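Good morning, and thank you for coming.

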Amino acid sequence: MSGDETADSSDSIAERPTVAVIGAGISGLALTHELRKRGVETVTFEAEDEPGGIIKSRTVDGHVLELGPQRLRLAGPVKSLLGELGLLTDLREGNTDQPLYIYQDGKFRVAPLSVKDAITTDLLSWRGKLRVLAEPFTAGPQPGESVEEFLTRKFGREAAHRLFAPLYTGLYGSSADEMLVEYSLGKALERHGIERSILKAVLPYAFKGRDPPPIVTFDEGLQRLPEALAERHAAAIEFSTPVETVEPVEDGYEVVTDSGRHRVDAVGMTAEAPAAAQMLDPVDDTLAETLREFTYNPIIVVHLASDAGVIGHGCQILPEADYETLGMTWNASMLDRDGVYTAYMGGNKGSTGADLEEQSDEEIGAVAAAEFEELLDAEASVLSVHRWDPGMPAYDRSWAALDRLNPPDGIEFVTNYTDRAGIIGRLTEAKRVADRLGTK
């Protein structure tokens with residue numbers, strides 16, 4: 001029996017709804033996978049000619065480069081999916097136990113992610129470390145509070161500014177003072193059942209010395225994962241087929257593409273908010289206008305080749321250091337990717353960031369290489385410059401619009417702007433939505 005037949009096996013498929021999945025990035029592919037496992041008739045539309053969305057791998061001058069996520073954590077949902085796809089034996093493991101650094105006051109300082117590092121790091125003064133210990137006596141997130149205000153109140157200004165804010169906001173390229181905690185970090189705490197003290201929740205695990213899930217990738221890059229999902233469900237996916245609009249019809253919707261009109265009972269929307277707004281305007285113009293309110297941060301990913309030889313996962317660079325580079329992944333060390341380093345630029349750095357976006361790829365690459373050489377005291381050459389626009393959800397104050405995001409029955413969002421970002425979050429949300437759609 002083929003993998004596709006296994007995914008489709010169900011004696012009640014005729015009684016299930018037909019679902020259109022818009023987008024074949026990891027969210028759309030995971031949703032397609034979960035729906036078809038449940039016997040739901042599914043058709044997936046993808047504008048590009050390849051699967052993956054932001055998970056894109058390229059080979060340049062013999063170097064494997066990741067244009068989006070740089071590695072996987074082999075946590076439960078990821079391990080389960082890889083097992084279903086027969087990919088576990090193809091993994092290559094990275095170096096999980098290497099440090100992450102914060103660049104502060106002209107020096108790379110260890111980000112304390114363990115009890116030992118918390119004691120020995122020079123990122124925080126002893127006064128700053130002692131202030132962190134007062135966190136259990138502070139209240140949980142407050143309405144209207146920014147991430148910076150929340151972290152400062154919980155851990156003190158020094159730890160908030162030097163450690164917690166960079167580690168959290170670095171993913172989004174946002175400033176902590178622009179992010180509202182109730183729509184960003186607060187949701188993560190809620191998912192983990194943390195109402196008041198973060199330290200009380202995490203310290204038992206830290207003292208037990210529980211190892212985090214290993215870091216993994218594939219020899220040919222992370223795009224192997226979405227490619228395997230697309231191969232499994234090839235009969236249900238239409239590539240190079242952009243969706244123009246979704247239109248309401250009696251007891252369902254019509255998805256309009258250049259290949260025709262496709263009648264479905266429900267829609268799983270995985271596109272970015274601006275694209276989703278355009279597609280859903282005929283369904284609900286108020287919903288579309290709400291989607292248009294969400295702000296994104298354009299992110300520029302620059303891959304460099306160097307013999308720097310530094311050991312670690314990478315670094316976050318504090319804003320006062322006044323570099324265009326927001327942070328780096330040291331692929332050469334973390335994943336044994338020979339000589340490869342990934343620099344991230346852009347974000348919401350105001351006028352400086354806007355000026356950077358207007359520069360050519362060659363100019364941006366030159367800036368990234370020059371800053372790398374200054375920071376790491378090693379020569380670097382540019383392998384690739386890639387721009388993500390709209391980039392990452394900013395989770396800034398515009399995200400208060402989430403309270404007004406009320407899609408009609410049969411429209412489900414499976415996206416990193418309505419739920420948890422990251423591959424694990426995408427897989428988990430796809431399962432939840434598939435459960436809802438599979439029982440309609």
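I shall speak about the salt bridges.

This is a predicted model, in which local features need pLDDT of at least 70, side-chain atom pairs count only at pLDDT 80 or more, and totals for chains, interfaces and linings use all residues. Residues are numbered from 1 along each chain as its sequence is written, and side-chain values use heavy atoms, with hydrogens and water left out.

Side chains of opposite charge can pair when their charged atoms come close. The structure holds 24 salt bridges (a side-chain nitrogen of Lys or Arg within 4 Å of a carboxyl oxygen of Asp or Glu).

Let us turn to helix H16, residues 423–438; helices (H or I, at least four residues) and strands (E, at least two) are DSSP runs, numbered from the N terminus. Glu-412 and Arg-436 form a salt bridge, with 2.8 Å between the closest N and O atoms. Because Glu-412 lies in strand E20 and Arg-436 in H16, this pair ties together parts that are 24 residues apart in sequence. Is Glu-412 buried or partly exposed? Glu-412 counts as buried, at 13% relative accessibility, whereas Arg-436, at 39%, is partly exposed (buried means under 20% relative accessible area, exposed over 50%, partly exposed in between, with a 1.4 Å probe and protein chains only).

Arg-432 pairs with Asp-419, again in a salt bridge, their closest N and O atoms being 2.8 Å apart. Arg-432 lies in H16 and Asp-419 in the loop between E20 and H16, so parts 13 residues apart in sequence are tied together.

Finally, a network of salt bridges links Glu-34, Lys-37, Arg-38, Glu-84 and Asp-435.
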